[in-house]
Amino acid sequence: MGKTLKIPSEIISLAEKLNQAGFSVYLVGGCVRDLLLKREPKDWDIATNALPAQIQKIFPDSVYENQFGTVGIKTKSGNFSLKIIEITTFRIEGKYSDKRHPDKIKFSQTIEQDLARRDFTINAIALNLAELKELEIGNSLAAPDFAQREKLEINLVDPYNGQEDLKNKIIKAVGDPNQRFQEDALRLIRAVRFAVEIGFTIEKQTEQAIKKNAGLLKIIAKERIRDELVKILMIREAKTGIELLEKMNLLESIMPELRQGIGISQNLHHIYSVWEHNLLSLDYAAKKDFSLELRLAALLHDVGKPKTKRGQGKYATFHGHEAVGAKMAKIILTRLCFPKELINKVVHLVRYHLFYYNVGEVTEAGVRRFISRVGIENIDDLIKLRQADRIGSGVPKAVPYKLRHLLFMIEKVRRDPVSAKMLKIDGNQIIEILKIPPGPKIGWILAILLDEAMEDPKKNTGNYLEERVKQLGELTDKELEKMAQSARERKEEFESGVEAKMKSKFYVK
């Protein structure tokens, strides 16, 4: 017997009240699809022939703030997703001038007319809740076992053979696919997302229509595109999703910069093209259930390589691709309207993903400078990104001895001073000791003191720092600025000379 899936009591209660008032009531859309696939529905949508005003009369504790016939019913459910349940009046939609919303809608009386406006056949199936009691099993809340298809089919309305497409694992547009995509161009991405999310293939005519109408995506609000992209990236098969977006000619309107890596070979340290490498890195991040920030960083970490490639064959170089890639990642994510905090995080990870560490070459002071440069809060994510980068390069181990040793060294020094805030002295104390006003001189002195403390943490004591401040106070502004600049450069270099040497020797990885 298949998995038993329960329709929530909150849904049953609303349906009963609508039925008692003489109205038809159906579950529609994704929840019916998911129930038939034996998947837990994420949302529960109800359709009825009751008009919005009639729905609100039956459910006084409701909200109606749109022009599309959808009323939000407030419940006392302990389940957050069921606190507001949407009930929508059957409707017929007019022309979509903005490729997003219908210019006008007309309420209808039949579920068949309502299903005709939906995107894909697998989402155009309705379950008649008026007859649901025939499916009750063992309790009063209607817990139908959807393995009992002969009972279920009595209550299904399926004018476009969506059940057959579910059986054959096909994504197929309702009616004319060109018309469906011209109504709402976001459906172009949704087709890809559904295909990847539930492991289906896109039907031939629907695929042709997607490719034909791919350009319509450019007029869709970037926030809507972003939301669909995020859903694809958060699927375990995110790599397949990006590949399918490219196959359907959609990636050009989402991340054209990523496409620049297609066919771009690398060097003797890579067996894959830049495009393949980025996708394989994403695949590792997705399979490891990494965060959205890490998945984006894995996908974009080498996006700067095509612009920085010099030479051909196994000795090609990509000097500075991490800095170029960070700038490109910021442009991409800003264009897609991602939150500023997420953008800053991803850009930082891309910028510093190419850190160098070799046992015996990098000292404890070098590790402190590395932590100071990238931020202790980013260490774990940088290590995870390096793992994705390695696996995406075709190497067998995600965490080799070098990375394990670096983690050991980080743990060893992480309590040492790596930022000015960790010094046993602050700017106000420096002002008091030297009897000077606030100004750049304070920052220069702090940078010098931090550099010295990172070299030797034993110097991070109040007595030593006070005496050192007095010594530095005797220097000219020009001398202090020069010393501070040298200190900052040492931090950026991680371990003086070693990183540059590595990049030259190994052609940047």
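Predicted model: local features only at pLDDT ≥ 70, side-chain atom pairs only at ≥ 80, totals over all residues.
Is glutamate 246 buried or exposed? Glutamate 246 is buried, and its relative accessible area is 18%.

## The chain as a whole

Let us begin with the overall picture. The chain holds 25 helices and eleven strands. Of its 509 residues, 52% are buried. If we take the contacts in the chain with a separation of 6 or more, 70% of them are between residues 24 or more positions apart.

## Salt bridges around arginine 259

The count of salt bridges comes to 32. One of them joins arginine 259 to glutamate 246, with 2.6 Å between the closest N and O atoms. This pair links distant parts of the chain, since arginine 259 sits in helix α12 (residues 256-259) and glutamate 246 in helix α11 (residues 238-247), 13 residues apart. Arginine 259 has a relative accessibility of 28%, so this residue counts as partly exposed. Glutamate 246, at 18%, falls under the 20% limit and is therefore buried.

Arginine 259 also forms a salt bridge with glutamate 252, and here the closest N and O atoms are 3.1 Å apart. Glutamate 252 has a relative accessible area of 38%, which means that this residue is partly exposed. Elsewhere, one network of salt bridges with shared partners takes in Lys42, Asp119, Arg190, Arg193, Glu197, Glu228 and Lys231.

## Arginine 39 and aspartate 34

Another salt bridge brings together the side chains of arginine 39 and aspartate 34, at 3.3 Å from N to O.

## Where helices α21 and α23 cross

Now for a pair of helices. The axes of α21 (residues 427-434) and α23 (residues 462-473) come within 10 Å of each other, and they cross at roughly 60°. Because of that angle, α21 and α23 are described as oblique to each other. The crossing of α21 past α23 is right-handed.

Which residues make the contact? On the α21 side they are Ile430, Ile433 and Leu434, and on the α23 side Glu466, Val469, Lys470 and Gly473. By type, the residues of this contact divide into four nonpolar, one polar and two charged.

## Two asparagines with positive phi

Asparagine 161 has a phi near 60°, a positive value in a residue other than glycine. The loop that holds asparagine 161 runs between β9 (156-157) and α6 (162-168).

Asparagine 249 has a positive phi too, near 65°, and is likewise a residue other than glycine. Asparagine 249 lies in the loop between α11 and α12, the helices that carry glutamate 246 and arginine 259. With a relative accessible area of 40%, asparagine 249 is partly exposed.

## Two buried loop residues

Alanine 124 belongs to the loop between α4 (111-115) and β8 (126-128). Its relative accessibility is 0%, so alanine 124 counts as buried. Which residues is alanine 124 in contact with, leaving aside its neighbours within four places in sequence? They are Leu115, Arg118, Val157, Asp158, Pro159, Tyr160 and Val174. The C-alpha atoms of alanine 124 and aspartate 114 are separated by 8.8 Å, and the two residues are ten apart along the chain.

Not counting residues up to four places away in sequence, phenylalanine 290 touches Met234, Tyr284, Ala285, Arg295, Lys384 and Gln387. One of these, lysine 384, is 94 residues apart from phenylalanine 290 along the chain, and their C-alpha atoms are separated by 8.3 Å.

Notes. Residues numbered from 1 in each chain as written. Heavy atoms only, no water. Salt bridge = Lys/Arg side-chain N within 4 Å of Asp/Glu carboxyl O. Helix = DSSP H or I, 4+ residues; strand = E, 2+ residues; numbered from the N terminus. Buried < 20%, exposed > 50% of the residue type's maximum accessible area, 1.4 Å probe, protein only. Axes fitted to C-alpha atoms, helices over the stretch in contact; angles between N-to-C directions. Parallel < 35°, antiparallel > 145°, perpendicular 65-115°, else oblique. Left-handed = near helix turned anticlockwise from the far one by under 90°. Contact = heavy atoms within 4.5 Å. Nonpolar A, V, L, I, M, F, W, Y, C, P; charged D, E, K, R; others polar.
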